[in-house]
Each structure stands twice: as C-alpha cells, then as structure tokens.
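Me: Please put the structure up, and let us go through it together. Where would you like to begin?

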Amino acid sequence: MTPFPSHDTDSAPEGSKALLEGSLKAFGRYPGLHKVLAESPQAFEAYQILHRLFTETEFDADELTVVWQSINVENECHYCVPAHTGIAKMMKVSDEISNALRDETPLPTEKLEALRAFTVKMVRERGFVSEETLDAFFAAGYGHRAVLDVILGMAQKTISNYVNHVAETPVDEVFKPLAWTRSETPLEV
C-alpha cells in the first residue's frame, strides 16, 4: 500500500494550511490525525466542525468521553482510544471512567452505562435500534436530542476512526504511554 501523506504547513494543500496552523496553536504540535486529514481540506474542515459542534451539545465532559470512547473502542481505533484517554485527562474525566471505557467494564453510574450501551448499539446496528433500546435510553434520563447528539458524535468519530484505519496513523508520541488493544471479549450490551 502507498502510505498516506502526513502533512505539515509546508507540504499541505493550500486549503489545509490554516487548519494545520490552528492545530499547532491549539496543541503545540501537529496531531497525527490532523496531518493525515490535511490531504483533503474538506475532510479536515468537516472533522473539525463536527468536533466543535459535538462539544457544544448538552453532554458534559464525562458523557462526551463516553460517546467518543464507546465508538473508538467498538471500531477498535488504535489511534483514537489513546488520544481520547489523554483528552479525557485534560477534561478532568476520572480514570475510573476512562479505564472502564477502555477495558469494557462497568461504568460508575447507570446513566453513563445507558449512554454507552445506546451508543454501542447505534454503532453495531447502524442506527436500526429497537424501540426497546430507545425506551431504555429514555428511561435512563436522556431525550430525543441526546439521540441526535450521539449520531453527531458518530459522524465525527466515523471520520477519525476510518481515516486512522486506512492510513494506519501512528499514535502520537504524547499518547504512546496510553496505547490500547481490545480485550478478548467485546462488551455485551
């Protein structure tokens, strides 16, 4: 396979240069995913817009992390699981939540567990979830808006997970200590 390009501001297409400059300003480095996405200014911009919009939902930091990591783990994204573990630390999400998501073990609250179960079912069933699944999600305290916001998070993570799969994006040095591989038995939801 021909390796995917990994850009910086010198090599990126013109439409990605400002986006990469923003990444450098925000992170002090070029995240590997951003370097790969830079090949397509439209894909890079779409990812960033979806990320911003998802973080503006009513989900708190714990819930954002549950949605992101549930999708990352379900899609077995070698890049995103360590990256979002580090991001969760920056967002002050507890290690208990992060470890439960990474290890596919029970979360500390029933509401967070319901969010994970719903998100995983949405990914596995490609949105064709049962009325029973929706009713359980609503019974946990979530509403119709949360359903749509999970779908928004899925759109964002589809871009990053799939890009990292096809590009085999190397895990950023800063996140290498947080490397992850899926357990033998995937979560039952």
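Predicted model: local features only at pLDDT ≥ 70, side-chain atom pairs only at ≥ 80, totals over all residues.

Me: Which residues of α6 are buried?
Reply: In helix α6 (residues 95–103) they are Ile97, Ser98, Ala100, Leu101 and Arg102. Buried means under 20% relative accessible area, exposed means over 50%, and partly exposed is in between (1.4 Å probe, protein chains only).

Me: Where does Glu76 lie, and what is its phi?
Reply: Glu76 is in the loop between α4 and α5, and its phi is positive, about 50 degrees, although it is not a glycine. Glu76 counts as partly exposed because its relative accessibility is 45%.

Me: What about Lys92: buried or exposed?
Reply: Lys92 has 74% relative accessibility and therefore counts as exposed. Lys92 belongs to the loop between α5 and α6, and its phi is positive as well, near 65 degrees.

Me: Changing topic: how do α4 and α7 pack?
Reply: Helix α4 (residues 61–74) and helix α7 (residues 110–124) pack at an angle of about 35 degrees, and their axes are 9 Å apart. Axes are lines fitted to C-alpha atoms, for helices over the stretch in contact, and angles run from 0 to 180 degrees between N-to-C directions.

Me: Which hand does the crossing have?
Reply: The crossing of α4 and α7 is right-handed, that is, the near helix is turned clockwise from the far one by less than a right angle.

Me: Which residues make the contact?
Reply: From α4 come Asp62, Glu63, Val66, Val67, Ser70, Ile71 and Glu74, and from α7 come Lys111, Leu112, Leu115, Arg116, Thr119, Val120, Val123 and Arg124. These residues divide into seven nonpolar, two polar and six charged. Ala, Val, Leu, Ile, Met, Phe, Trp, Tyr, Cys and Pro count as nonpolar, Asp, Glu, Lys and Arg as charged, and the others, Gly among them, as polar.

Me: What does Leu112 touch?
Reply: Leaving aside its neighbours within four places in sequence, Leu112 is in contact with Asp62, Glu63, Val66, Ile97 and Leu107. Leu112 counts as buried, because its relative accessibility is 8%.

Me: Now the aromatics. How many aromatic pairs are there?
Reply: A search of the whole structure finds six. Rings of Phe, Tyr and Trp (its six-membered ring) pair if their centres lie within 6.5 Å; planes under 30 degrees apart count as stacked, over 60 as edge-to-face and the rest as tilted. Phe54 and Phe59 form an edge-to-face pair, at 6.1 Å centre to centre and 65 degrees between the planes.

Me: Why does the pair of Phe137 and Tyr142 count as stacked?
Reply: The ring centres of Phe137 and Tyr142 are 4.7 Å apart and their planes are at 10 degrees, so the pair is stacked. Both Phe137 and Tyr142 are buried.

Me: What lies over the face of Tyr142?
Reply: Lys111 does, at 4.7 Å from the ring centre. A charge sits over a ring if NZ of Lys or CZ of Arg is within 6 Å of the ring centre and within 35 degrees of the ring normal.

Me: Which residues form the aromatic cluster?
Reply: Phe54, Phe59, Trp68, Phe118, Phe137, Phe138 and Tyr142 form one cluster.

Key:
Residues numbered from 1 in each chain as written. Heavy atoms only, no water. Helix = DSSP H or I, 4+ residues; strand = E, 2+ residues; numbered from the N terminus. Contact = heavy atoms within 4.5 Å.
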